[in-house]
Amino acid sequence: MGMSAGYYLAKNKVKVLLIDKFDPPHVSGSHHGETRLIRHAYSGNAVYSSMALRADKLWTDLEQASGQQLLVRSGVLNMGAAVSANLGNKRQTAADFGLKVELLAADEIRKRWPGVRPPDGYVGLYEEEAGYLQSEACVRAYRQQALAAGARLLVNTQVSKVNVGRSGVTVHTLDGTYHADQLIVSAGAWFSELADLIELPIRSVRKAVAWFQSDESLYDSSRFPGFTFGAEHGGFYGFPSINGSGVKIGRHDAGQLWKPGQTFEPFGHYADDENDLRRALEVFLPQAAGKVVRSAVCKYEMTPDEDFIIDHHPNYHHVLVAGGFSGHGFKFASVVGEILSELAQEGKTAFDMSSFAISRFQEERAV
């Protein structure tokens with residue numbers, strides 16, 4: 001989100017300094033592991049579908065600017081019980097936004113994709129124009145374009161303290177001190193280290209993903225879509241086998257709480273790292289449940305309601321905060337960066353930001 005915001009600001013001739021604790025793209029945040037789903041039909045708040053469509057446009061713009069393919073329109077198949085209100089809401093959203101989707105019965109899913117075995121009573125909502133983003137390549141492209149537009153980037157630079165005055169900010173790092181008129185904070189799973197600046201109800205959660213040896217004739221990316229499904233023991237998402245990688249799968253819920261400074265355990269430290277994923281594959285994609293050929297762990301930054309935080313600091317209008325992207329945020333990185341740049345320059349955006357306000361948590365405490 002920060003790299004994207006830096007690009008859109010620099011593109012508009014704003015003097016920008018980007019500061020990162022690591023050297024993006026890297027494996028210490030929420031963006032590594034090669035791929036992230038992008039889909040447009042969201043259940044619930046309509047602002048997500050509006051933002052997803054704008055994000056899609058901005059990703060294609062970034063492709064043109066960088067000369068790289070970043071978005072692969074593999075289609076995304078969402079599966080759930082026929083009585084699922086979530087799928088029904090997505091279908092309604094698709095109708096409201098004119099999105100091309102297909103509602104498929106379980107036997108239709110099995111015929112179209114023989115590698116999928118949804119239980120009887122399940123249905124699928126297939127979104128043809130959806131797909132996946134090559135996440136590390138996206139971050140790299142925004143970095144290249146931001147620097148080309150005049151932004152400055154400090155890597156491997158840890159922020160130790162932030163002082164906010166009435167008309168500016170001072171950011172202290174272990175390597176130097178920097179002053180600016182405005183500040184955007186997009187600290188991901190490290191927001192707890194900035195408690196002196198702002199306290200937010202963001203939980204950092206360790207998540208495991210793995211690539212499983214798969215039948216390429218069934219699951220190769222040339223013929224198989226991205227997917228999500230709700231199983232008895234959780235909600236899962238995944239990707240086809242890309243260039244022989246094997247099917248990649250992760251679990252959206254569960255995970256282990258983590259705090260900065262704690263050991264971040266590697267894949268396999270917990271038995272459920274593999275067992276949860278394998279059990280889901282054995283039911284839904286049985287011929288993709290081979291041996292684990294690759295694995296990764298990353299971090300979710302969860303808000304209590306799983307909606308984002310995109311807002312001005314409650315006490316300092318010249319400080320913007322973006323966080324709590326709750327495991328479904330990467331697809332929006334392009335549009336969130338644009339929104340942050342608009343808020344920084346103009347103080348407003350065309351999108352309804354009320355659902356992302358920090359004040360909603362203060363209201364909960366008051367009740």
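The model is predicted, so local features need pLDDT of at least 70 and side-chain atom pairs count only at pLDDT 80 or more, while totals for chains, interfaces and linings use all residues. Residues are numbered from 1 along each chain as its sequence is written, and side-chain values use heavy atoms, with hydrogens and water left out.

**Annotated region**
- An unreviewed UniProt entry carries the annotation "domain: FAD dependent oxidoreductase" over residues 1-343, and such annotations may be inferred rather than shown by experiment.
- Across residues 1-343 the chain is 27% helix and 29% strand, with the end C-alpha atoms 14 Å apart; helices (H or I, at least four residues) and strands (E, at least two) are DSSP runs, numbered from the N terminus.

**Helix α1**
- Because nine of the 10 residues of α1 (residues 2-11) are buried, this helix is largely enclosed by the rest of the structure, where buried means under 20% relative accessible area (1.4 Å probe, protein chains only).
- The buried residues, among them M3, Y7, Y8 and L9, pack against β1 (17-19), α2 (46-66), α5 (135-148), β8 (152-154), β12 (183-185) and α8 (333-346), with contact meaning heavy atoms within 4.5 Å.
- K13, which follows α1, has a positive phi near 70 degrees.

**Second largest pocket**
- The second largest pocket is lined by 17 residues, of which S192, L200, I202, R203 and S204 lie nearest its centre; a pocket is an open set of points on a 1 Å grid over the protein atoms alone, where a 1.4 Å probe fits, with protein on both sides within 12 Å along at least five of seven lines, and lining residues have an atom within 4 Å of a point.
- At least two lining residues come from each of β13 (203-212) and β17 (256-258).

How values were computed
Buried < 20%, exposed > 50% of the residue type's maximum accessible area, 1.4 Å probe, protein only.
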